[in-house]
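I set out to record what I looked up about the pocket and the ligand of one structure. The entries follow the order in which I checked them.

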Amino acid sequence: MTEEEVFTSVGEEGFTRLVRAFYARVPGDAILGPMYPAGDLAGAEARLRDFLIGRFGGPPRYIEQRGHPRLRMRHLPFTIDQAARDRWMALMDRALDEARLPEEATSLLREFFHAMATFMINRS
Ligand code: HEM
């Protein structure tokens with residue numbers, strides 16, 4: 001499976017389910033909870049969902065609305081050390097388990113998230 005084929009396999013509905021399962025855990029998390037905008041969690045959820053959909057072969061809504069992702073730069077305002085990275089990944093790992101997407105897409109997404117999360121570390 002190529003990255004572009006993930007959207008065909010997972011669909012809009014699958015990405016929505018995955019990102020919802022992730023954000024359901026954010027507010028109650030001691031590290032991540034305070035970092036996210038309490039009044040706009042629905043907006044944050046939509047941004048991550050649309051980014052993933054565009055990145056994996058679906059409609060390019062994220063780029064249309066937010067421009068080039070430049071994710072590392074967009075994350076600089078947040079203190080992302082190893083602990084924050086590991087917590088983000090732990091929540092996403094659980095969301096991936098819970099969303100029960102097709103197996104091949106799940107492993108591809110898991111690897112993508114692991115690499116991206118490490119790339120996002122901006123404090124030692
Ligand atoms: C490593 C730990 C990470 C932390 C602590 C973190 C934290 C955050 C926070 C606090 C926001 C702002 C929420 C908002 O209002 O949109 C954000 C935005 C975002 N994050 Fe992360 N993030 C992490 C990793 C990732 C990874 C691995 C990805 C992609 C696979 C990602 C994709 C995004 C996207 C697309 C946005 C919206 C950017 C925008 O358009 O403004 N993040 N992240």
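**Entry 1: the model.** I noted before anything else that this is a predicted model.

**Entry 2: the largest pocket.** I looked up the space in the largest pocket and found about 710 Å³. I then listed its lining, which consists of 25 residues. Y23, Y36, L71, H75 and F78 are the ones that lie nearest the centre of the pocket. The most is given by α2, which supplies five residues. Sorting the lining by class, I recorded 20 nonpolar residues, one polar residue and four charged residues.

**Entry 3: the place of the ligand.** Where does the ligand sit? I found the ligand in the largest pocket. Around the ligand there are 22 residues, and Y36, R47, Y62, R66 and H75 come nearest. This shell receives at least two residues from each of α2, α3, α4, α5 and α6. By class, I recorded 17 nonpolar residues in the shell, along with one polar and four charged residues.

Entry 4: R47 has a side-chain N or O atom 2.8 Å from an oxygen atom of the ligand. For R66, a polar side-chain atom is 2.6 Å from a ligand oxygen atom. W88 places a polar side-chain atom 3.4 Å from a nitrogen atom of the ligand.

**Entry 5: the iron atom.** Which protein residue is the donor to the iron atom of the ligand? I found a single donor from the protein, the NE2 atom of H75, at 2.0 Å. I located H75 in the loop between α4 and α5. H75 is also among the residues nearest the centre of the largest pocket, and among those that come nearest to the ligand.

Notes: Residues are numbered from 1 along each chain as its sequence is written. This is a predicted model: local features need pLDDT of at least 70, side-chain atom pairs count only at pLDDT 80 or more; totals for chains, interfaces and linings use all residues. Side-chain values use heavy atoms; hydrogens and water are left out. On a 1 Å grid over the protein atoms alone, a cavity is a set of points where a 1.4 Å probe fits but cannot get out, and a pocket is an open set with protein on both sides within 12 Å along at least five of seven lines; lining residues have an atom within 4 Å of a point. Grid points are joined across faces, edges and corners, and a volume is the space filled by probe spheres set on the points. Helices (H or I, at least four residues) and strands (E, at least two) are DSSP runs, numbered from the N terminus. Ala, Val, Leu, Ile, Met, Phe, Trp, Tyr, Cys and Pro count as nonpolar, Asp, Glu, Lys and Arg as charged, and the others, Gly among them, as polar. A residue is near a molecule or strand if one of its heavy atoms lies within 4 Å of it. A polar contact is a pair of N or O atoms within 3.5 Å; within protein, one must be able to donate a hydrogen and the other to accept it, and residues adjacent in sequence count only if both atoms are side-chain atoms. A molecule sits in a cavity or pocket if more than half of its atoms lie within 2 Å of its grid points. Donors are N, O and S atoms within 2.8 Å of the metal (3.2 Å for Na, K and Ca); water is not among the atoms, so sites may look incomplete.
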